[in-house]
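Let's take a friendly walk through this model, strand by strand. Have a look at the structure first, and then we can start with one of its pairings.

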Amino acid sequence: GSVVVPGDDIRSLVDLEKEQKQVILGPGLRREGERVLVIKPGLLRRKDPGVFWIDSHAKRYVAQRGDNVLGVVLGKAGDMFRVDIGTSEPACLSYLAFEGATKKNRPNVNPGDVVYSKLLVASRDMEAELVCVDSYGKKAGMGVLDGGGLMFNVPLHTVRKLLNPDSVLLTTLGKNIPFEIAVGMNGRVWVRARSVKETICLANAIECSEYMTNQQIQAMCSKLADVLAGF
């Protein structure tokens with residue numbers, strides 16, 4: 001993609017696409033009247049059918065509706081938990097937003113717990129709201145992440161790289177080390193392996209893979225497997 005800066009008008013590119021099918025504007029782009037403006041510096045990317053977005057190096061997360069995020073419970077306020085998800089303001093999480101939760105059967109959530117949740121409301125004018133269930137009321141892997149594990153921060157483009165179907169990192173690591181992982185779109189990753197040593201190795205491998213190609217990732221994973229095996 002080409003390098004763009006805030007204020008650039010990419011209407012000409014979008015109009016070309018519009019002649020054939022509909023156009024979807026992703027993060028970093030905003031429509032104002034007839035113009036399509038760039039609001040973040042970075043690389044302009046496109047994907048069929050007609051999806052445009054800006055790929056930029058960012059560490060500050062801006063809440064987006066529907067994103068899965070990792071947060072830390074800060075405390076309780078009435079029937080709501082205050083959760084730090086890395087945005088400028090904490091998000092709120094209702095005690096009823098857990099699978100099977102009722103007024104009598106409350107979830108066991110304490111300050112300091114790590115929760116994996118989905119953003120239900122994300123607006124620049126309103127407080128972000130989280131839920132730990134999917135549209136069917138099932139937890140679907142979300143909720144409090146207990147039993148140890150390590151949570152660490154990575155740049156937002158590393159998260160997108162981890163979740164990319166073409167990335168070989170997690171599948172290659174999983175061949176040698178059994179582990180659990182939760183990846184939040186807010187730049188936080190939680191991992192848990194059989195031992196502390198394996199968990200730290202996994203975290204280091206994920207952080208090191210930021211600018212690696214798939215071939216370099218596979219070479220690194222095989223070295224890591226040898227080190228853990230004691231060779």
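This is a predicted model: local features need pLDDT of at least 70, side-chain atom pairs count only at pLDDT 80 or more; totals for chains, interfaces and linings use all residues.

**Around strand β10**

Strand β10 pairs with strand β11 (residues 126-131) in the antiparallel sense, through four bridges. Strands here are DSSP runs of E with at least two residues, helices are runs of H or I with at least four residues, and both are numbered from the N terminus. Two strands pair if DSSP finds at least two bridges between them.

Residues are numbered from 1 along each chain as its sequence is written, and side-chain values use heavy atoms, with hydrogens and water left out.

Strand β10 (residues 114-123) also runs antiparallel to strand β7 (residues 68-77), and five bridges join them. Here Val114 in β10 has Val72 opposite. A further antiparallel partner of β10 is strand β12 (residues 143-144), joined by two bridges; in this pairing Val115 faces Val144 of β12.

Now move to another sheet. Four strands form an open sheet with mixed pairing, in the order β1-β5-β6-β2. Because β1 (3-4) and β2 (24-25) stand at the edges with a single partner strand each, one side of each has no neighbour in the sheet. Inside that order, β5 (residues 42-47) and β6 (residues 51-55) run antiparallel and are joined by five bridges. Lys47 is found opposite Val51 in β6.

What lies over the face of Tyr95? Arg106 does, at 3.9 Å from the ring centre; a charge sits over a ring if NZ of Lys or CZ of Arg is within 6 Å of the ring centre and within 35 degrees of the ring normal.

Stepping back, the protein chain holds five helices and 15 strands. Its C-alpha atoms fill a box of roughly 55 × 55 × 30 Å along the principal axes. Of its 231 residues, 39% are buried, meaning under 20% relative accessible area with a 1.4 Å probe, protein chains only. Contacts (heavy atoms within 4.5 Å) tell of sequence separation: among those between residues at least 6 apart in sequence, 63% join residues at least 24 apart.

Methods: Buried means under 20% relative accessible area, exposed over 50%, partly exposed in between (1.4 Å probe, protein chains only).
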